[in-house]
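This report describes selected features of one protein model. Please keep the sequence and the structure in view while reading.

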Amino acid sequence: MHTDVIVVGAGPTGLLLAAELALAGVGVRVLERNDAPTSQSRALTLHPRSMEMMDLRGIADRFLARGHTLPGWHFAGLNTRLDFTALDTRHGYTLFLEQARTEELLDARARELGAEIVRGCQVTAVRQEPDGVVVETARGETLRASYVVGCDGGRSIVRQAAGIPFDGTDETLSGMLGDFAVTGPDAAHSAEAHGVLAVPLEGGLTRFVVIDPERMRVPSDRPLTYEEFRQALTNIAGTDFNVAEPHWLSRFGNATRLAGRYRQGRLLVAGDAAHIHFPAAGQGLNTGLQDAMNLGWKLAAQVKDWAPEGLLDSYDAERRPVGAAVTANTEVQTLLMELTLVPQYHRPVMALRGMLDGLLRIGEVNRNLAASVSAIGTHYGDGSPAGARIPDLPISVAERPGVERLYQLLHDGRFLLVHTGKQAGASGRDDRVETVTATAWQPSPDLEEAEALLVRPDGHLAWAGPIEAEQQALLDWTGAAAVAP
């Protein structure tokens, strides 16, 4: 049995990747070892860039209807929060949405586009051949695909089969989380005052997240008991907040690793298969989604045999530096939190945290870090307009009456060629490029002089410049011969 792409792992990264491939007309099968979707939500947030990606495909409202928004987020537990409302985006917030709901929505999206999702199917072996990849499963099946993408977590069988190194640091610290049906009155507010994160969840549950100095060296794979969790709360806050009826207890650690490369021939990795780290500032799930958005259209182009040379390799070139930056900032956050708990470092670390709080009260400093954590600041280039994320600019176009925003023109996952109205230009092949003429728009200052711009399917700028250079830009990026008007 052959398919274009097999995705191993039906977490958020794998499901979004499957949806993107299916949107581009690529045959995709997702293999997930678990029999049913997750019911436990380790991750709880979608950041601004992740919500922009959903908006790029016209499905942001589905997520907004299931969660609720917060104006910012934390960094290393500092008192001064990152202000996402100050960012240049229509989605200047954190969407609080449990991972189980995110997966549910992405699963539905992938299926409605034609992706096949097979649960209860554990991959046992992956073998790369010159003209494809062979995948064996615990069911005794032998499957074939042109490409295989591992979205199968930190112990990824795909990454191991590819021989991709996964270097980094071992776990030195662990925390604990617990979801409880019963708590004392005003527990969430009281917990926060004692440095314990407490978050209301669906179904009347409350999540507590703690790092107990007496237990922070316990390996994260050791089972966690109700009594141990209650004792940790008491050690930190002087009370257990009357928690009862635990629905889920788990530990999490700070092992930090980054794949040495994201592609080896016909095998690729994304999400936790490419990077693991302490869940500081909630960046893990979001970074995986952004991996998927970057990879989907490139892999589709490769499968459909029109990708310009080097396009698929640009997945590693663009996303691995992002993974490196995320693992670095989470290590910084973890160190700040860990040293606070070590008695001999408590005073100087608290002084340092106070200084950092002061810096985050400076608007430009806060915006810079907020742009990094939210991924709004992600730039796939050298700082020039090319490679920059395109904001959802106001625009009206002759070909699409009723369109008011740029992102509305990217719902189908094609490149977007915008003529700014200064001069008529070429057009790309309709199956790869939508060509429009702006009758009114509000460009950012660095695009004001551009006669045309080419926007990638993932909402980053491929090219901007004069009409006479447009045909070459189309050939460079889409492999599509331009046609003079």
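## Helix α4

In helix α4, the residues Gln99, Ala100, Arg101, Thr102, Glu103, Leu105, Leu106, Asp107, Arg109 and Ala110 are buried; buried means under 20% relative accessible area, exposed over 50%, and partly exposed in between, with a 1.4 Å probe and protein chains only. Because 10 of the 14 residues of α4 are buried, the helix is largely enclosed by the rest of the structure. The buried residues of α4 pack against α1 (12-23), β3 (45-46), α2 (48-56), α3 (60-64), β8 (116-119) and α8 (284-303), where contact means heavy atoms within 4.5 Å.

Helix α4 covers residues 99-112 and reaches 20 Å from its first C-alpha to its last, close to the 20 Å expected at 1.5 Å a residue. The expected span is 1.5 Å times one less than the number of residues. Helices (H or I, at least four residues) and strands (E, at least two) are DSSP runs, numbered from the N terminus. After α4 comes Gly114, which has a positive phi near 110°.

## Basis of the model

The model is predicted: local features need pLDDT of at least 70, side-chain atom pairs count only at pLDDT 80 or more, and totals for chains, interfaces and linings use all residues. Residues are numbered from 1 along each chain as its sequence is written, and side-chain values use heavy atoms, with hydrogens and water left out.

## Salt bridges

A salt bridge is a side-chain nitrogen of Lys or Arg within 4 Å of a carboxyl oxygen of Asp or Glu. By this rule, the model has 37 salt bridges. One of them joins Arg432 and Asp431, whose closest N and O atoms are 3.8 Å apart. Arg432 is buried at 9% relative accessibility, whereas Asp431 is partly exposed at 47%. Elsewhere, salt bridges with shared partners link Asp212, Glu214, Arg215, Glu228 and Arg251 into one network.

Glu228 and Arg251 form another, at 2.8 Å, N to O. Glu228 belongs to helix α7 (residues 226-237) and Arg251 to strand β16 (residues 244-253), so this pair ties together parts 23 residues apart in sequence. Glu228 is buried at 16% relative accessibility, and Arg251 is buried at 5%.
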